[in-house]
Amino acid sequence: MTLKYARTTSYAALLTVLAAPLSAEGPTYTSFGTTGLLEMPTAESADSGELAITSSYSDTAGYRTTLTFQLNDRISGSFRYGVFDIYGSLRADGTRGIATTYDRSFDIQYRLTNEGRYLPAVAVGLRDFLGTGRYSSEYIVGTKSIGSNLKVTAGLGWGRMGERNGVSNPLGGSFETRDEPDVFDEDAGVNTGGQLSVEQWFRGDIAPFGGIEYTATPNLTFKAEYSSIAYEPGQARPAVQVSSPLNFGVSYRPKPGVELGASYMYGNELGLRATFTINPNERPTFSGLDRAPAPIKTRTEAQRAAQSWNRGAQPAIREALAGLLEIEGIDLIGLDMTDRTARVRFENNRYRSETQAIGRVARMMTQVMPDAIETFVLEPQRNGLPMSAVSLPRTDFEDLENTVGSTAAIFDEIAIAPAGPDAPLDLAPVPSPKFEWGIGPYLDFVLFTPGEPISPDFGLAFDAEYQATRKLSFVGRTSISALGARDPLVDFRDSNDYVNVRTDQTYFGLDGGLQLDRLYVSYADRLAPEVYGRLTAGYLEKMYGGVSGEVLYAPVDRRWALGAELNYSKLRDQDMGFGFALYETRRNGDRVEVGDYDVVTGHLSGYYDIGEGYHAQLDVGRYLAGDYGATFSLDREFDNGWRVGGFLTLTDMPFSQFGEGSFDKGIRLTIPADYFIGSPTRRTVSTGLRSLTRDGGARLRVPGRLYNSLRDGQFNDLEDTSGRFWR
């Protein structure tokens, strides 16, 4: 047995990332977490790829935490979570009650033009366009630098940004009126939030805003703004008391990637802000901490002319190659040799890029292969599945090692095809040890469930995996919470014609005993040269057990892939033991005992590599609550392995049944460990963040889905990381 590294959750790792900011200086940020002044935006964009998290506080505006990502040079998106007071209904004396609310919102900004010698940069944006609409605004803004220290911003706002001294919309007609139904009006749907109220955009009164920024030193910036947000009282609007439209503040950067701000807001209160930024395009450690690759052993012209070799030496060649690859953290899976060709199947356990692993394997092959072997065929494998076959001319490999432009030249010479059959490969047995385990602390959070903004948990977890064959494995995880027993949910109920398939997840594992997080068996195999299959069965996640099957067609030389998944699952008991749950449902106020909840779900999936690091995915099918719909995802993957993306799901579940948020949406982030430690490793940390955990559009959490495991060995990913071939 070997001790496997102790795991903590991705949320803890994300906090570690944000505690080690590294990005270069750029535009300053607002209390809303976007580039700008104090509350009002500017037309500036951060560096492409910059990820910023901003926390701000003032007495009446409350707390705001915002995650902003600069998708490319011009487009940025933000997700915001706020805790603040709102106005209630009118009292008899004409005053309004005050209540605290938890609010989620999304922003987007697009920079139309760059700043020129005489003309400003110009941007257009939407604030709170996918939330409850409490801050809903649209704007167009321009920013111009005057000298090296002063920037001037002026803009026009609609919606909340059009409230102070607004004038009639110059577009006229239907644009003069902006209908904003009350947030508690269920028929209007605003109370559910999350809908694209396109019919309101750029409608209603329009008001000016602006401000200046003066950079006194590279680390110190002073700001002043005229805000067009009036915070007019109204039911469920932010209860901010405003005495003046003028706001003043200062931003200080004690180190790159850290920005601290203080401000005097609304003529009556102080505000504080902290922004931490990190950019995947920059590294916290020096690149190249990888162990130097072995030199290529070149042949003389006479040696290259050899046409055959002693076949009796193959066992010794295999043993020698296996030993050399072990040094590189690579397992030799199989070897087949003819007079002129050597085919090697291997599994890369160290390098994030399969391209780098292919280069390392080829170098080691030059050390031991007979002179007559002219073609290397390298087949990377992941989770027992061969991904592709890369044919490499040995002579070109030897000649190009130390030449200018060798990366492009070698990729002109190689050929990529589907991996060959298992036979006649001499396949190696599963390496020992077959059993791995680990024990360590865990930290977990469930965010944004109805009624609770955050549900933390921590304790001790035990992980184990037994690899029976390279294609068949058994995986388990148990844990015990340090928080002990807590109040469980008495009954699983359905109040809106749909079972609570996700909104009750915080009630699982509250009895304080040992809980079974997962226990399943997984089998994966190649069904045809470019067709793969997976079957997983057991207790798949904390809420569900069942069976999941998947088929994926992934041509090695295409940008696209097609997949299908079919699942049968049952709702587990909340004590997270071996049993399954009973739940009750309500129909017209009457309780009806239903029993075990089981459901068949499935999706047809399409994957497309857009290029420039962008990957799109579309899943169409049936979800856990029995609703039908589609999920669209878009991710940007950086050359160093960072992956940032977002998704949205629309189903036939009515917005009123879904509840606040209207439909499922969120963001996700994957960070490679080698980004921080510098040395090669395949470990990553992933996290996802939904605007609100609801039941519509919920999917079974199945481990080991095929596409992301296999695409590393496809042509497009190999080409995208071609610069690592010689490393």
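**Helix faces and backbone features**

Tutor: Turned away from the buried side of helix 3, one face bears the exposed residues Pro 315, Glu 319 and Glu 326. Exposed means over 50% relative accessible area, buried under 20%, and partly exposed in between (1.4 Å probe, protein chains only). Helices (H or I, at least four residues) and strands (E, at least two) are DSSP runs, numbered from the N terminus. This is a predicted model, in which local features need pLDDT of at least 70 and side-chain atom pairs count only at pLDDT 80 or more, while totals for chains, interfaces and linings use all residues. Residues are numbered from 1 along each chain as its sequence is written, and side-chain values use heavy atoms, with hydrogens and water left out.

Student: Which residues of helix 3 are buried?

Tutor: An α-helix has 3.6 residues a turn, so residues three or four places apart point the same way. In helix 3, the buried residues are Gln 314, Ile 317, Arg 318, Leu 321 and Leu 325. They cover an arc of only 100 degrees around the axis, which puts them on the same side of helix 3; the arc is that of the directions from the helix axis to the C-beta atoms.

Student: What covers the buried residues of helix 3?

Tutor: Here contact means heavy atoms within 4.5 Å. The cover includes strand 14 (330–337), strand 15 (341–348), helix 4 and strand 20. After helix 3 comes Gly 329, with a positive phi near 75 degrees.

Student: Which residues of helix 6 are buried?

Tutor: In helix 6 (residues 406–413), these are Ser 406, Ile 410 and Phe 411. Seen down the axis, the buried residues fall within an arc of 130 degrees, so they line one face of helix 6. Their cover includes helix 4 (354–368), strand 18 (389–393), helix 5 (394–400) and helix 10 (715–720).

Student: Let us turn to phi. Where is Met 576 found, and is Met 576 buried or exposed?

Tutor: Met 576 lies in the loop between strand 28 (560–571) and strand 29 (582–587). Its phi is positive, near 55 degrees, in a residue other than glycine. Met 576 counts as buried, at 1% relative accessibility. Phe 202, also not a glycine, has a positive phi of about 60 degrees. Phe 202 sits in the loop between strand 8 (150–159) and strand 9 (207–217) and is partly exposed, with a relative accessible area of 23%.

Student: Which peptide bond is cis?

Tutor: The bond from Ala 423 to Pro 424 is cis, with omega near 10 degrees. Pro 424 is placed in the loop between strand 19 (415–417) and strand 20 (426–427).
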